[in-house]
Amino acid sequence: MSREEVDRALARLGAERDAVEAALLSLQDHPGRRLLEGASLTGRTEERWSVAGQGLPLLWALFDRYSEALASARAVRARKARPGGAELAELSELLSGTAVTVPGGALPDGGQRPGAPARLVEQVSLAELMDRMNAWYATVLEVVTAADAVWSALPARIDLLLAELRRVQSLAGSLGVRAGAHPLGDDLLELDSALTALRAEVVADPLALWRPSRVPAQRGTVPDGTALAGPSGLVDTERFDRAGRALDGIRLELEGLLRLRDDAEERLQQVGDLLQRADATLGEARRARGEVLAKIAATEVPAVPGPASALRERVVLALELRQSGQWHRLAPLLDQLEDAAAKELGRARQALTEVTQPLAVRAELRGRLDAYKAMAARLRVAEDPEVIERYEKARWLLWSAPCDLRAAAGAVARFQQSLRPVAEAAAGGIAPGGGAPGGIAPGSGRPGEGPGGGPADDRPGVGSSVQDSVQSNGQGA
């Protein structure tokens, strides 16, 4: 090596020595290392630390050898301002040759090849010594950093989740949700056991939850060339996150039960009101059925169903569950009761509608008869004997008891038909008795107008809708 090369090598090796010393001091004070030395380890962490824990003392020993070799080279260089050939040869051997003596096998992976004889000491160069320190440092730092990352990330979060679990368990107890009596209570007990076991595992075996981002082949390498670089990876929080999601789901279900406890009385009252309205409607339907049987002839009136006794028994059960605080059993039952009570009211209303249908048909026929009578008066045929006869017949049928709806509908239709020729004639401007077109018909206004000055009602089959209604309902009308 030339003098310039020697000076550059000494400067570079001195900078590396200072970097190594700073890294070793940092590793010595690392909180993860102190925790590992004082913890009761198990599993993978115990296995890894049993090897890596020997690394820091060995690193300091190797660093001392490195510092001594570098000090020797500096002493040789300091002898002369311009070293001669002998000094340069000695410096070349110290700086690039195998002039450093280290313990045999001072490597993280054993240092001895399979089948090779054991060696007490080895002669290595400063570059080889730096590689060995890099390898040991990576081994130690990987374990220390991984353990510290897991301990920094999980125990405190698990403690917070356990505190939240205790709060949820207290809420569950106030709602009567207990292990062995409700699935949510069993879930809470299982979640408590899982979190407690996870915390114990995190404390004793943190490396079981560490996922390195480097493949094993890269272990101990320094990608950017910096001496003593550290590892990288991430903490496996899958089990913790899964437990958190499970607890959130349980808490939401319990909050639903809590809302049920606050609203149960009001909701049960609403169910009772619906059933009372259904009973009142059914009572009205029974009274209407008696009226229909008395006033409508030749009609099959459907029977009115009785009250839903089974539904009321379930309401009594719901009241008992509310009194005993069994909210987890009350929740599905109350939902079913609300739906069943609404259907019961709908069933009662449908029964009332079916029972009173004949009375509605009779009322519609009466209204049409009065409308046709008013039309006859406007057309000035109210005194016509045929019109009078048909009106009286229809009126007698509709206002007599019992009323024959089929016959009454036919009578109303015949009365309406007796008015049709006069209405058509008035609409065409032809007076009854053959008056000239454009003349004024009796009972009409201006030519072309119907009774009362409006357009004539010339709709064919007026009143047929009532008859069709009666026929469509059959005897059940």
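1. Start in helix H13. Glu 386 and Arg 390 form a salt bridge between their side chains, with N and O 2.9 Å apart. This is a predicted model, so keep that in mind for every value below. The two residues are four apart in helix H13 (residues 385–399), which puts about one helical turn between them. Glu 386 is partly exposed, at 41% relative accessibility. Arg 390 is partly exposed too, with a relative accessible area of 26%.

2. One of its links pairs Arg 251 with Glu 255, whose closest N and O atoms are 3.9 Å apart. That distance counts because the cut-off is within 4 Å. Both residues sit in helix H9 (residues 238–295), four residues apart, so about one helical turn separates them. Is Arg 251 buried or exposed? Arg 251 counts as buried, at 18% relative accessibility. The limit for buried is under 20%, so 18% qualifies. Glu 255 counts as partly exposed, at 28%.

3. Lys 343 is exposed, with a relative accessible area of 58%. Asp 339 is partly exposed, at 41% relative accessibility.

4. Turn to the aromatic rings. How many aromatic pairs are there? The count comes to two. One of them is Trp 60 with Phe 63, an edge-to-face pair. Their centres are 5.8 Å apart, and their planes make an angle of 85 degrees. Edge-to-face applies because the planes are over 60 degrees apart. Trp 60 and Phe 63 are three residues apart in helix H4 (residues 55–77), so they are separated by about one helical turn. Trp 60 is partly exposed at 22% relative accessibility, whereas Phe 63 is buried at 3%.

5. Tyr 391 and Phe 415 also pair. Their ring centres lie 5.6 Å apart and their planes meet at 55 degrees, so this pair is tilted. Tyr 391 belongs to helix H13 and Phe 415 to helix H14 (residues 405–428), so the pair ties together parts that are 24 residues apart in sequence. Tyr 391 is buried, with a relative accessible area of 10%. Phe 415 is buried as well, at 1% relative accessibility.

6. Next, find Trp 399. Which charged residue has its charged end 4.5 Å from the centre of the Trp 399 ring? Arg 366 does, and its charged end sits over that ring. Arg 395 also lies over the face of Trp 399, at 5.1 Å from the ring centre.

7. Move to the second largest pocket. Its volume is about 180 Å³. Glu 190, Leu 191, Ala 194, Arg 239 and Arg 242 are among the residues that line this pocket. Helix H8 (183–204) and H9 are the elements that give two or more residues to the lining. H8 provides the largest share, six residues. By type, the lining of the second largest pocket has seven nonpolar residues, three charged and no polar ones.

8. Two backbone details deserve a look. Most residues other than glycine have a negative phi, and most peptide bonds are trans. Ala 401 and Pro 402 are joined by a cis peptide bond, with omega about -5 degrees. Pro 402 is in the loop between H13 and strand S6 (403–404).

9. The other detail is at Arg 380. Its phi is near 60 degrees, a positive value in a residue other than glycine. Where is Arg 380 found? Arg 380 is in the loop between helix H12 (357–378) and H13. Arg 380 is exposed, with a relative accessible area of 61%.

Methods. Residues numbered from 1 in each chain as written. Predicted model: local features only at pLDDT ≥ 70, side-chain atom pairs only at ≥ 80, totals over all residues. Heavy atoms only, no water. Buried < 20%, exposed > 50% of the residue type's maximum accessible area, 1.4 Å probe, protein only. Phe/Tyr/Trp six-rings, centres within 6.5 Å; stacked < 30°, edge-to-face > 60°. Lys NZ or Arg CZ within 6 Å of the ring centre and 35° of its normal. 1 Å grid on protein atoms, 1.4 Å probe; cavity = no way out; pocket = protein on both sides within 12 Å on 5 of 7 lines; lining within 4 Å. Points joined across faces, edges and corners; volume = space filled by probe spheres on them. Nonpolar A, V, L, I, M, F, W, Y, C, P; charged D, E, K, R; others polar.
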